[in-house]
Amino acid sequence: MARVVVDVMLKPEILDPQGQAVQGALARLGVAGVASVRQGKRFEIELEGEIDHQALDHIAATLLANTVIEDYAVHVAGA
Amino acid sequence: MTARIGVVTFPGSLDDRDAQRAVRVAGAEAVALWHGDADLRDVDAVVLPGGFSYGDYLRCGAIARFAPIMNEIIAAAGRGLPVLGICNGFQILCESHLLPGALIRNDVRRFVCRDQWLRIENARTAWTSQYDDGQEILVPLKNGEGGYVADDDTLDRLEGEGRVVARYLHDNPNGSYRDIAGITNEAGNVVGLMPHPEHAVESLTGPTTDGVGFFTSILADLVEA
C-alpha cells in the first residue's frame, strides 16, 4: 500500500491571519526570534495499488487545494 | 403563475429558512432544494444560503461544491439560470469557479457580526435591478471568512467590466480587496455577496428592509423573461 503526503500552503502573496495569530501567541509565550509563521494543511493518503501521479495531481488540484489561493506539493512517502 | 425560487439546504446551512422567507416577502414561491438531490425541481432561480456547509471542513464551500445539487446548478448557471450565493453561498460559488477569486479568513481574525453599509455598484444584474447604481443600503453582515481575494489582473478585470456588485462603505469589515462585498459573472446571472440581504426584509427583525431588493429584482427579471 502506497503512502502519499500532500502539503497545501496559502500562496505567499495571500494574507494568513491564522499564521499571524500563532506568531502573536509565540511572542506572548516569550519565544523570541520568530520572524513569521505560515499555517498550512497536510494530508496523508493511503492508496490501494500503484501510485498514479496524474490521479494524485487531480485529487490535489480539484479538492485538497484551492489553486486560486493555495499551492500544493505531493510527496510519495519513502521515495 | 408566480416565480419559483429554490433555496438549497446543505448539512450545516443556517440561513436557508430566512432566505425562503425573503423569497416569499418578495412575492415569489420558495422551493426547498436538498443538497443530496440532483434535481432542481423546475425552479426559475436558485439561492445558495449562508451557514457552515459540511462544517466548513477543508475550506468553506469546498465540500458543498461537489454535492449532487451543485452539479445541476453549475450546468444550469452556464445556461443562464440566475443564482445568488450569500455568505457561505458566495464561498461555494467561488469554490465552484462560477465566480473568480476566493474568500479567506477575516484580516481582523475575528468573526464579525454587525449591520453594514454597502454601496450597490452594479444595478444591472439579475439580482440587483431594483436598486439604483450607487444606492447605499444597510444589511446585516456576519462572517469569519469573508475576506475577498483575487490576483490584481482579476480585480482589474472585475472593476473594468463593472462586475463588482457591492462594496463595503465606511469601514471594510474583513480585509476584502478593494472593499469588495459582492461580484457577478460575465453574464450577470450569478451573483455572490458576503453580507446578508435576506436578514433585512422586515422591519421587525432587520435593521432595514433594504435587502428585499435582491429578491424583488429576481422576480422582476423572471416576469420580464
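Buried area is the accessible area (1.4 Å probe) that two parts lose on being put together, summed over both. By this criterion, chain A and chain B of the predicted model bury about 1400 Å² between them. Carbon and sulfur atoms account for 66% of that area. The model is predicted, so to speak of local features requires pLDDT of at least 70, side-chain atom pairs count only at pLDDT 80 or more, and totals for chains, interfaces and linings use all residues. Residues are numbered from 1 along each chain as its sequence is written, chains are lettered from A and ligands numbered from 1 in the order in which they are written, and side-chain values use heavy atoms, with hydrogens and water left out.

The interface draws 17 residues from chain A and 15 residues from chain B into contact (heavy atoms within 4.5 Å). On the chain A side, Pro17(A), Leu63(A) and Asn66(A) lose the most area to chain B. Together they make up 34% of what that side buries. One salt bridge is counted between the chains (a side-chain nitrogen of Lys or Arg within 4 Å of a carboxyl oxygen of Asp or Glu). Glu70(A) and Arg59(B) form a salt bridge through their side chains, at 3.6 Å from N to O.

Helix H1 (17–28), E2 and H2 of chain A each give two or more residues to the side that touches chain B. H1(A) gives the most, with 4 residues. Helices (H or I, at least four residues) and strands (E, at least two) are DSSP runs, numbered from the N terminus. By class, this side of chain A holds 10 nonpolar, 4 polar and 3 charged residues. Here Ala, Val, Leu, Ile, Met, Phe, Trp, Tyr, Cys and Pro count as nonpolar, Asp, Glu, Lys and Arg as charged, and the others, Gly among them, as polar.

Chain A contains an open, antiparallel sheet of 3 strands, ordered E2-E1-E3. Two strands pair if DSSP finds at least two bridges between them. Strands E2 (40–47) and E3 (70–76) of chain A are the edges, each pairing on one side only. The twist averages 20° from one strand to the next. Angles run from 0 to 180 degrees between N-to-C directions, with axes fitted to C-alpha atoms, for helices over the stretch in contact. E1(A) (residues 2–10) joins E3(A) through 7 antiparallel bridges. Val6(A) has Val74(A) as its bridge partner in E3(A). Helix H2(A) (residues 53–64) lies across E1, E2 and E3 of chain A, at about 150° to E3(A).

In chain B, 9 strands form an open sheet of mixed pairing, in the order E2-E1-E3-E4-E11-E10-E9-E6-E7. Its edge strands are E2 (29–34) and E7 of chain B. Neighbouring strands are turned by 25° on average, direction ignored. E1(B) (residues 4–9) and E3(B) (residues 45–48) run parallel over 3 bridges, with Val7(B) opposite Val47(B). Helix H1(B) (residues 16–25) lies across E1, E2 and E3 of chain B, at about 175° to E1(B). E6(B) (residues 112–120) pairs with E7(B) (residues 136–143) over 8 antiparallel bridges.
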